Amino acid sequence: MNRFRTLCVAGSPSRGSHTRALVAHVGGLLERRGSETVLADLAELGLPPSDPDHYWSPEPHPVARAREFIDAVRASDALVLGTPVYHSGYSGLLKSAVDLLPRDAFEGKAVALVSHASGPRGSAAACEQLRQVVKALGGWAVPMQVSTVSADFTDFADGGRRTLDEAGPVHARCAELADQLAVFTRAMRGADGRMDDPADGPRTGVAA
């Protein structure tokens, strides 16, 4: 199986969020499809705010954590972007992280979009907004997207991390999303589907 790298970005400012659980679930499904995945939880990374003075600069970002995040995006073959829904839009934390990236950061990459809303299922608007961001950065968002609500998850009373309910209706959509991302990533990496061995590529400090 041709291996590929996926960076899974959880864009919620809340630690242990539903968004993180959703992104991690998709990441696990991608690993079954041949991906090496890294989870970047923005609630834990402590990235600096976007700096307009650096936005057009060709120089490396002056903050090490920002450089690590940018390097992780560049080193990936594919991405999963996950966001909570605030006022029918994606999170400011994810926006600030995306604004750290150079304008070609998603060039040649397939991107999966997922979102979580605490109320009635209606978080699709945030994914649609992110499609424009992906396009602006040179990437291609796969057709399938996944939106969740709190009832789609299992919460553990003992403090363990919440997980997506695999018996629920959303799991099948997540599996289809992972299928699309894997297929399109391999297609975009070349007609023969060849990719570099993940062991040969650069490593970054970005992790859950």
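## Before we start

Because the model is predicted, local features need pLDDT of at least 70 and side-chain atom pairs count only at pLDDT 80 or more, while totals for chains, interfaces and linings use all residues. Residues are numbered from 1 along each chain as its sequence is written, and side-chain values use heavy atoms, with hydrogens and water left out.

## Val23, tucked away in a helix

Let's start with Val23, which sits in helix α1 (residues 18-31). Helices here are DSSP runs of H or I with at least four residues, strands are runs of E with at least two, and both are numbered from the N terminus. Val23 has a relative accessible area of 0%, so it counts as buried (buried is under 20%, exposed over 50%, partly exposed in between, using a 1.4 Å probe and protein chains only).

Which residues does Val23 touch, leaving aside its neighbours within four places in sequence? Its contacts (heavy atoms within 4.5 Å) are Cys8, Val9, Ala10, Leu39, Val80, Gly82 and Val114.

Cys174 is buried at 0%. Although Cys174 and Val23 are 151 residues apart along the chain, their C-alpha atoms are separated by 9.6 Å. As for disulfides (cysteine sulfur atoms paired within 2.5 Å), the structure has zero.

## An enclosed strand

Strand β5 covers residues 140-148, and seven of its nine residues are buried, so the rest of the structure largely encloses it. Its parallel partner is β4 (residues 110-116), joined over six bridges; strands pair if DSSP finds at least two bridges between them. Across from Thr148 in β5 you'll find His116.

On a 1 Å grid over the protein atoms alone, a cavity is a set of points where a 1.4 Å probe fits but cannot get out, and a pocket is an open set with protein on both sides within 12 Å along at least five of seven lines; lining residues have an atom within 4 Å of a point. Points join across faces, edges and corners, and a volume is the space filled by probe spheres set on them.

The largest pocket holds about 370 Å³. Among its 19 lining residues, His54, Ser57, Glu59, Leu100 and Pro102 are the closest to its centre. The largest cavity has a volume of about 40 Å³. Helices α3 (64-75) and α4 (92-98) and strand β3 (78-84) each give two or more residues to its lining.
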